[in-house]
Amino acid sequence: MSEIDSNEVVRLREAEKRVVRKIDRLLLPIMLVTYGLQYYDKSVLGTAAVYGILKDLDLTRTVNGVTYTTRYSTATAAFYYGYIVAVLPMGLLFARLPLAKSAAVCVVIWGLVCILTVICHNYPGFVAQRVILGFVESAVSPAFVAIVALWWKPQEQAKRIGFFYSATGVFSMFSALINIGLGKTGGTHPWKSMYYFCGSLTIAWGFIIWFFLPDSPLSPGKYFTEEEKLILIKRFEENPWGSSQQSIKSNQILEAFVDIKTWIYLLMGASIYICNGSVTAFGARIISGFGYTPIQSNALLVPGGFVTVVTIAFFSYFADKYKNIRTLLLPASTIPVIVGALVIWQAPWHPTVGPLIGYYLVASFGAPYVLLLTLASSNTAGATKKGVTSGFIFVGYNVGNIVASYLVFAQEKKIKYRSTWIAVIVCMIFASAASIVLRFLYIAENKRRDKSALNNIRPINEEISVESAEKLATEGHTGIPIVENPEFWKDETDKQRPEFRYTL
């Protein structure tokens, strides 16, 4: 390679880095705030539980002097009933609809439904409202996973998914403080002020998404120069697995259903999100069980959000920095959760330092979930299959949340909510084991494809030995096609593309 060619390569690499930084600056803040608002919307109910909503909407029952929160659990789970019904169809629709504009419309509708919480005056009405809220909010996560796959290459995705998912931690810090203020100034029904605020903010943000989130790398709008648009097209050529604007294909739906990895993703999503009940919906109630007032309990949620952000950032950084370690990082990321659950369960609750530290460690469960999303996104090709696979993960997410809603028993307060922590520990161990199983499946399939590619190599002349051909194959020279016209790219799955290699 001549010095001129070398300089040009360096220039193009630097230009691509600048484009990636611009993508980050443009898309990630929008995704962070949107996902944070979704988390805030769900977490408001946990705060409202200590600010009057239980009494106002008749969400508890007292029998023989014992107060049961089964109705509150059902209301919490109702959100995920709506979510689980809609999330798979949403994943398929986003394989067909413009991502940015569709996401914006869904956010505005979700804000409106959120505000309507204040007109609920009894338990049945509240449960119905929660189902509808889950239905409309189910669009956000599939849309964002599709956006990440569309704009970033597989090895760039972990940090980006980790960034917007860390909003659960960021917003848990701010929402706790905001809710404390609303709780003190919200009148006789302070929980209503929380829903007015949350819903109005969400509606306003939906319009920001509409006007500022670009459609795709092939139509990025006014934000990129002509040279940058060419770089975006080139990046798309090198990463056609992320394409989302394709017709829905029944054969890809079938392939996703019969692929064992899809079901493993679902079970992992469910097991990881068993933790959510203890951290989000019941977090304030559990901390209040340590002996704190409602205001103190909400304030003490803040450090948990910080732990969520730090652990997601930590594991996402290493997932992108080093290749083929994600299936090993995921089991490592479950260790703090397991330790935290053991501490809350076994440590004395007075003094309260021990169980608080345990609670904050459990809040790190977001890290293994982010790693799961990046594994599935990086290792699935085909627009329809990718939509179905994402839908399966979010079905698991909902199953975990529904189950978690019934795993915090008020009558177990005296024994430190033992059932909750046993469930968390068992589920984290399962997710770790499943990640190792995925690693073996990926390795076996990659070896099979490498062997097949090696057998198909034809030496150009006799001077190219078998060893040289093998070296070419291991270096990645397996005939990957260069896409001349991205708009004509063939929408094929990872199983249909022999050049596809699974990321470990």
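View 1. Searching the whole structure turns up 25 aromatic pairs; here, rings of Phe, Tyr and Trp (its six-membered ring) pair if their centres lie within 6.5 Å, and their planes count as stacked when under 30 degrees apart, edge-to-face when over 60 and tilted for the rest. One of them joins W191 and Y195 edge-to-face, with 6.2 Å centre to centre and 80° between the planes. Helices (H or I, at least four residues) and strands (E, at least two) are DSSP runs, numbered from the N terminus. W191 is buried at 1% relative accessibility, and Y195 is also buried at 1%. Buried means under 20% relative accessible area, exposed over 50% and partly exposed in between (1.4 Å probe, protein chains only).

A word on the model before the next views: this is a predicted model in which local features need pLDDT of at least 70, side-chain atom pairs count only at pLDDT 80 or more, and totals for chains, interfaces and linings use all residues. Residues are numbered from 1 along each chain as its sequence is written, and side-chain values use heavy atoms, with hydrogens and water left out.

View 2. W263 sits in helix α12 (residues 260-272) and F392 in helix α20 (residues 383-405), so the pair ties together parts that are 129 residues apart in sequence. W263 is partly exposed at 39% relative accessibility, whereas F392 is buried with 4% relative accessible area.

**View 3. A cluster of linked rings.** Follow the ring pairs here and you will meet Y35, F79, Y80, Y83, F144, F164, Y165, Y273, F365, Y369 and Y397, all linked into a cluster.

**View 4. Lysine charges over rings: K101 with W210 and K321 with Y322.** A charge sits over a ring if NZ of Lys or CZ of Arg is within 6 Å of the ring centre and within 35 degrees of the ring normal. The charged end of K101 lies over the ring of W210, 5.5 Å from its centre. Over the ring of Y322 you will find the charged end of K321, 5.6 Å from the ring centre.

**View 5. Positive phi at D58 and N324.** D58, a residue other than glycine, has a positive phi near 60°. Its place is in the loop between α2 (53-56) and β1 (61-63), and D58 is partly exposed at 34% relative accessibility. N324 is not a glycine either, yet its phi is positive at about 60°. N324 lies in the loop between α16 (302-321) and α17 (326-346) and is partly exposed at 35% relative accessibility.
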